[in-house]
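This report looks at a surface patch and at aromatic ring pairs. Please keep the sequence and the structure in view while reading.

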Amino acid sequence: LTLAAAGVIAIPTAMIGGVDAVSMMGIGAGAGLAIVVGGYWCAQLAFRGPDAYAVKLVVGGFLIRLALLALTLAAFGVATDISPARFVLWLIAFYFLLVMAEAWILARESASAPKEGTTR
């Protein structure tokens with residue numbers, strides 16, 4: 001999904017902003033993908049315990065991803081001389097695109113799963 005979206009967006013981005021804008025788009029897309037994958041992995045770990053569903057969702061998903069977002073921006077600022085302001089819009093755009101895709105996939109899986117106490 002990230003590669004498809006980046007491929008579609010890369011041409012107008014290059015035409016409007018040049019090669020530098022495309023490289024910032026790539027950095028934002030990669031960071032967004034890393035945060036979503038890391039958050040998904042942490043959510044999977046949270047679902048292993050006996051806690052309530054809502055607690056698992058909030059702690060395993062939202063808070064972890066927010067922390068990963070802050071850590072990614074801080075690490076990028078320390079590791080490179082690139083200002084996060086140059087790619088943060090792309091990061092947010094790809095992050096939300098991937099989160100919405102993940103939510104859609106999870107909703108489809110839960111809708112097709114057999115309900116507790118019923119048989120198919």
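Isoleucine 11 has a relative accessibility of 55%, so this residue counts as exposed, the cut-off for that class being over 50%. The model is a predicted one. Isoleucine 11 belongs to helix α1, which covers residues 2-17. Together with Met15 and Ile16, Ile11 makes a nonpolar surface patch of about 410 Å².

The next topic is the aromatic rings. A pair of such rings is described by how far apart the centres lie and by the angle between the planes. How many aromatic pairs does the rule count? The count comes to three aromatic pairs. One of them joins tryptophan 90 and phenylalanine 94: the ring centres are 6.3 Å apart and the planes stand at 40°, so this pair is tilted. Tryptophan 90 and phenylalanine 94 lie four residues apart in helix α4 (residues 88-112), and therefore about one helical turn separates them. Tyrosine 95 and phenylalanine 96 also form a pair, with ring centres 5.2 Å apart and planes at 75°, so the pair is edge-to-face.

The table lists the accessibility of the residues in these two pairs.

| Residue | Relative accessible area | Class |
|---|---|---|
| Tryptophan 90 | 21% | partly exposed |
| Phenylalanine 94 | 2% | buried |
| Tyrosine 95 | 13% | buried |
| Phenylalanine 96 | 45% | partly exposed |

Why is tyrosine 95 classed as buried? Its relative accessible area is 13%, and buried means under 20%. Tryptophan 90, at 21%, is partly exposed.

Terms used
Residues are numbered from 1 along each chain as its sequence is written. This is a predicted model: local features need pLDDT of at least 70, side-chain atom pairs count only at pLDDT 80 or more; totals for chains, interfaces and linings use all residues. Side-chain values use heavy atoms; hydrogens and water are left out. Patches are made of residues with over 30% relative accessible area and no salt bridge: like charges are joined within 9 Å, nonpolar side chains (Val, Leu, Ile, Met, Phe, Trp, Tyr) within 5 Å. Accessible areas come from the Shrake-Rupley method with a 1.4 Å probe; for residues, only the protein chains shown count as cover. A salt bridge is a side-chain nitrogen of Lys or Arg within 4 Å of a carboxyl oxygen of Asp or Glu. Helices (H or I, at least four residues) and strands (E, at least two) are DSSP runs, numbered from the N terminus. Buried means under 20% relative accessible area, exposed over 50%, partly exposed in between (1.4 Å probe, protein chains only). Rings of Phe, Tyr and Trp (its six-membered ring) pair if their centres lie within 6.5 Å; planes under 30 degrees apart count as stacked, over 60 as edge-to-face and the rest as tilted.
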